[in-house]
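Please read it alongside the coordinates.

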Amino acid sequence: MLTPPLLAAAAAPAAHAAAQQPAIPLSWYLAVALILFAIGSIGVLARRNALTVLMSVEIMLNAVNLVFLAFARFQADMTGHVITFFVIAVAAAEAAVGLALVMGLFRHKKAVNLDQMSALRS
Amino acid sequence: MQAATTTSDLAIISPLFIVCAMGLVALLVAVFTPKDSFKGWLGYVVAFGFALALVAVVWLWKQAPLTLSNESLFFALSVDHFGLGLTAVILIGGLLAALTAVDYLPSQRSDHGEYYALVAFAVLGMMAMVMSADMLTFFVALELMSISVYVLAGFKRQSAFSTEAAMKYFVTGSFASALLLLGIAFTYGATGSIRFTEIAEALASPQASLPIAQFGVVMLLAAFFFKVAAAPFHMWTPDVYEGAPTSVTALMATGVKVAAFGGFARMFLTAFGDARFRTGDLPWETIIAIVAVASMFAGNLMALAQKNLKRMLAYSAIAHTGYIMLAMLAAPTSGDGTVWLGPGLIFYLLGYTLASIAAFGVASVVSGNDVEDVNEVAYAGLAKRSPAHALILAVAMLSLLGIPLTAGFIGKLTIFAEVLDGSHNEYLWIVVVAVINSIISAFYYLRVILVAYMRDEAAERPIQLVSSRSLTLAAGLAAFLTLVVGLVPSRALMASGKAGGSLADSKARAASTATVNDVHTEADAPATASAPKATKL
Amino acid sequence: MNEVEHLAHAAHESSLLPWIILLPLLGAILNGLFGKRYSQKTVSLIGVGSVVTAFVLSTLEVIRLAGLPEGDYLSVDLWRWFSAGELNVELSFMIDRLSAIMLMVVTGVGSLIHVFSTGYMKTDEGYARYFAYLNLFMFSMLLLILGKNLLVLFVGWEGVGLCSYLLIGFWFSDMEKAEAGQKAFITNRVGDLAFLIGTFILLFYSYGSLDFVGVGGAGGLPQTAAYLGDKAPGMLTLVCILFFIGATGKSAQIPLYVWLPDAMAGPTPVSALIHAATMVTAGVYMMARLNFMFALSDVAMTVVAVVGALTALFAATIGLVQNDIKKVLAYSTVSQIGFMVVSVGVGGFVGAIFHLMTHAFFKACLFLGSGSVIHALHHEQDIRKMGGLKAKLPVTRWTFLISCLAIAGIPFFAGFFSKDEILFFAATAHREGSNPMLFVYIVSVVAALCTAFYMFRLYFLTFEGKYRGDKHTWDHAHEEPVMNWPLIVLAGLATVGGFVGLPHFLHAHALEGWLEPIFGWLYEGEHAIFHVSHSAGLEIALMLGSVLIALLGIAFAWRLYMREKLPEAPVDAWWHKLLMNKYYVDEFYDAVLVRPLRATASFCHRVVDVRIIDGLFVRGSARLVGAVGDGLRFFQNGDVQAYVTAIVVGIAAILVVVEYLL
């Protein structure tokens, strides 16, 4: 496998850490992450408040971060860690746009409930 | 490798730089110009930037495939014929879509300069998406595009429809982003890499954890289906297409779709392209076949019932997604597991882009007076009010329908022939379904022409046309190109074939560069081989 | 490839050919885009001028063709349209001896009808638009007949259909009223579907091209047909039947004929051009073009002959009782095309083309004549309110009478020769080892009897007897001079046009000689497929029989309608009701096809989308997920969340498919 020097250098200590047997197996991390992801999804599906939905999306993204970190840790690879930072940055941008849209919604409806948006339908 | 030494990295990514710079310029200018002044000229500036980037793309095309010497860039972007070809399609779509907005936005009382900056950034994201060679670049590019388009969809702030469309797109879109990330995470977990070529290698090795990869691929597929609006992941499409400002809808129907198809096609065919995965352990090909059929039916049957032109075009976009997905089925695998695409996918996307711009351009024209509801009243009797626009609309509809002499016909024919040829008639049934579907689609496409040509406008509510030279120019150019590409498709077909064929090289090229062996891969060989062969028993 | 050698002829480059096609397109573009700014004179000049010029150029090219060695053709390859693997499709056109006849008919009759239209549409506000559509139609029709391969033909095929809808609905400003256009639309779609599937199958078996002529006898569709006939006769029959279904759509045959009578809603010159002389015969032309394919399939040809004969009779009987002048002519057109289809079915390709040509003359004349009547009477179309018009419209009357004589088959008008050729073929032509289809002959003869009757019923009711309408209209009735000239020319052609195809026993069948290079191999040589009687006596006997039949029909009409008091229509008789209601076919289609289709669309909309997706999946599954996740609260459903739910359901479905089904 080819790795750019930058990442390869950074990955060296991680490889060292992974050599020691971790106390908690990988599947536990994954289980927690998937449960978090499911909680986030259900929040998006079921909550009517747009702000809560936004927060639920954040939970989903963080669940994915956990997956990345778990895999990175267990494979002794830095890529997963790097991705996490990107995800955090993108999530912030998404949240900013989301909040702006919620403001827009509030201006029109004087409420921030998603179920009040049904003017567009077949 | 020879190419890499002659062209500097900066030159290789110059299309991305140009578009990015234009976006920044537009943003700065927008901030420092008075609020009530006309901002349309910024549209011309950005369009000029797109044109400049297009020139750069053409220049690079002649030297492709190019290799970036900076290592982190090298693994992030692959500037091959595939990426450049799709970038060209995206730029054409973006250019024409930017022109449609110049006079349309003032007519909707939403003339803000930031619009053009956002368009430029969205296009930048699309371009990066089709060139991306690893999951991280892909994700960031996709988000750059998506977030810009969320804002654009809600750009008409005073309109409840526009805001609602943006909110709906945002909620569903961010959900899909999370799915995409989850998919990336699991593929990363299964293979230990985020680079497409390395994922393919890792999956081929016996240690790969296939159940984990399988879950990841399903999530990636879901994100793909969402972005290209395939049934049953399509439900946001009609609402968002209808509510968003029409010039934004034009960009969504063209650029976003092209980028999503291009990016995901590269991802699936490079990373999961091995025949073992396509129908075996990671059966994305079978799933795509099923979803394609569902999309065709969902799109066409629902389009029949629509009165609103934009909404109808949204459902038609869903149906077209179905047709285009067939092209991915057609991608054949050679003996060593490399995959190449025929010309169908890229050519169809080009034809679809042109026809969509023409159609949405006319939809913008007839939504004067700040009207959002582009129903039949808006364009009834258009032939009498404005023959040129009616003609453009007719050409667009005929191309979407796939009538000969238009680009749409050649596109459909190429894809169908590829599917028959590539699958050794295994997918004959799907072609029959597609032909039946395109017959169904005739009902609503031709109805638009009949309404535009035969019906009188309702006297009680005459809708003022947006009079705009740039809009007419963009839509007219798109319609004209539709006919040109339909009449003389050979060059476009050849270029598409070359672009599709270049996908097969990416793996070989990565290997050759990694070992720093100067193995020159013949770019043209797979391209010529990729053309559908004898359609004979 | 021995079987196709007889079709090998040399091509000659033609530089005029593209202009013949482009001129009408140019006219359409000019009038369509800028027509509003032009004066009516300029519009006429552009509209008529482009078609007349095309006619002149066509004449020059056909004269050149006549000077070439027998069987050679003129052609022009513009450029390679596209190629996919071995398949190369050129954008190319050709004038061979078959398309030359069509070319002369289409541009010639087309020119006359354009001239007629300048008078007929004089006061219409959509004058420029009308001429733009008409020119666009001419362009499409020329693509259809001059296309060198199946795909170019298909372009024209779709184009004429589109123009036809535009022109049928020309006077309708309300979509709801434009049912007629819709009906034409739906039935033609069915035909086009069959045509497309047929094309795809041929594409599949093609030898690198879909050209109608092979290069040096190899390649192209003739070789494909020969291959299929040899190796897969079942597939060949299927393809032929598919193309025939396409033809029934365009050429208004059973079961897809229902649109043509309704298409009479358009302006009358349009009916004359599109729905009598040119477009509706495209199906016959297409089958003649593909003669090398149809001739090889016994089953398909039998189907063609039987359907044609039944259509001829069926439409003729409906024509017996119609009271709308244009409806009578419409059913007559359906019936006459039925004769052409019979001719194709029994192997008489020459007869089919011959009748196509003469029919174009006399039916265009009849339609234009009816247009003249309708114009004079301020859009009155009910023949019960006409009568005695010979005093007011002398030119129209005489030309109409001549055409009626021609269509009835009175010697020596044009229709006499062509119809007799068809009947002669129906009575005697047969394949090796089989008998002539006498059933087809008998049905055709009965149809011919009905034809003579209803045409003269129409003539007597319109022009003879006493006027039965209101006085004001009568006083203002007059002929338009510019509209008379086309009538006279067409009547002249309907009189003498038949002499190009004198009966076989005279051995002076000019048309057959002209078409020999194309159809000759069917009857002579080692690959001959059809055998025709050469008995002069039999031919004369059949001819006398059909003259008697025609006279009988005219006599009946005379007896019934040349009286002071018209006979009461037996409105209560079951057969009259049946005929008046056109055998209830429309009602049948409405119940069996149209309503279910509409119901499906609204079902999809209301039930599938609203109920199933929204109700079942969205609310139901969201409730399920909500119950799992929240447990206590009832799930509050908003639309966006419904969409997200659909995504989740989709993922679940994919996972199920991946895990358990594959």
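Two residues count as being in contact when their C-beta atoms, placed from the backbone, lie within 7 Å. By that criterion, 35 residues of chain A are in contact with 39 residues of chain B. The model is a predicted one.

**Chain A**
- Chain A contains four helices and zero strands, and from the N terminus its elements follow the order α-α-α-α.
- Of the 122 residues in chain A, 37% are buried.
- Among contacts in chain A with a separation of 6 or more, 56% join residues 24 or more positions apart.

**The side of chain A that touches chain B**
- Chain A has 35 residues in contact with 39 of chain B, and α2 (26–46), α3 (50–75) and α4 (79–109) of chain A each contribute at least two residues to the side that touches chain B.
- α4(A) gives the largest share of that side, with 14 residues.
- By class, the residues on this side of chain A are 25 nonpolar, seven polar and three charged.

**α4(A) against α8(B)**
- The axes of α4(A) and helix α8 (residues 135–153) of chain B come within 10 Å and cross at roughly 5 degrees.
- Angles under 35 degrees count as roughly parallel, and α4(A) is therefore roughly parallel to α8(B).
- On the α4(A) side, the residues that meet α8(B) are A:Ile83, A:Phe86, A:Val90, A:Ala93, A:Glu94 and A:Val97.
- Their counterparts in α8(B) are B:Leu136, B:Val140, B:Glu143, B:Ile147, B:Tyr150 and B:Val151.
- This contact of α4(A) with α8(B) comprises ten nonpolar residues, two charged residues and no polar ones.

**Helix α21 of chain C**
- The buried residues in helix α21 (residues 510–519) of chain C are C:Leu511, C:Glu512, C:Leu515, C:Ile518 and C:Phe519.
- These residues lie on the same side of α21(C), because they cover an arc of only 95 degrees around the axis.
- The buried residues of α21(C) pack against α3 (97–120), α12 (291–294) and α15 (349–376) of chain C.

**Helix α18 of chain C**
- Helix α18 (residues 438–463) of chain C has 26 residues, and at 1.5 Å a residue it should span 38 Å; the end C-alpha atoms are 38 Å apart, so the two values agree.
- Because 21 of its 26 residues are buried, α18(C) is largely enclosed by the rest of the structure.

Key
Residues numbered from 1 in each chain as written. Chains lettered and ligands numbered in written order. Predicted model: local features only at pLDDT ≥ 70, side-chain atom pairs only at ≥ 80, totals over all residues. Nonpolar A, V, L, I, M, F, W, Y, C, P; charged D, E, K, R; others polar. Buried ≥ 20, exposed ≤ 12 C-beta atoms within 10 Å, placed from the backbone. Axes fitted to C-alpha atoms, helices over the stretch in contact; angles between N-to-C directions. Parallel < 35°, antiparallel > 145°, perpendicular 65-115°, else oblique. Arc of directions from axis to C-beta. Expected span 1.5 Å × (residues − 1).
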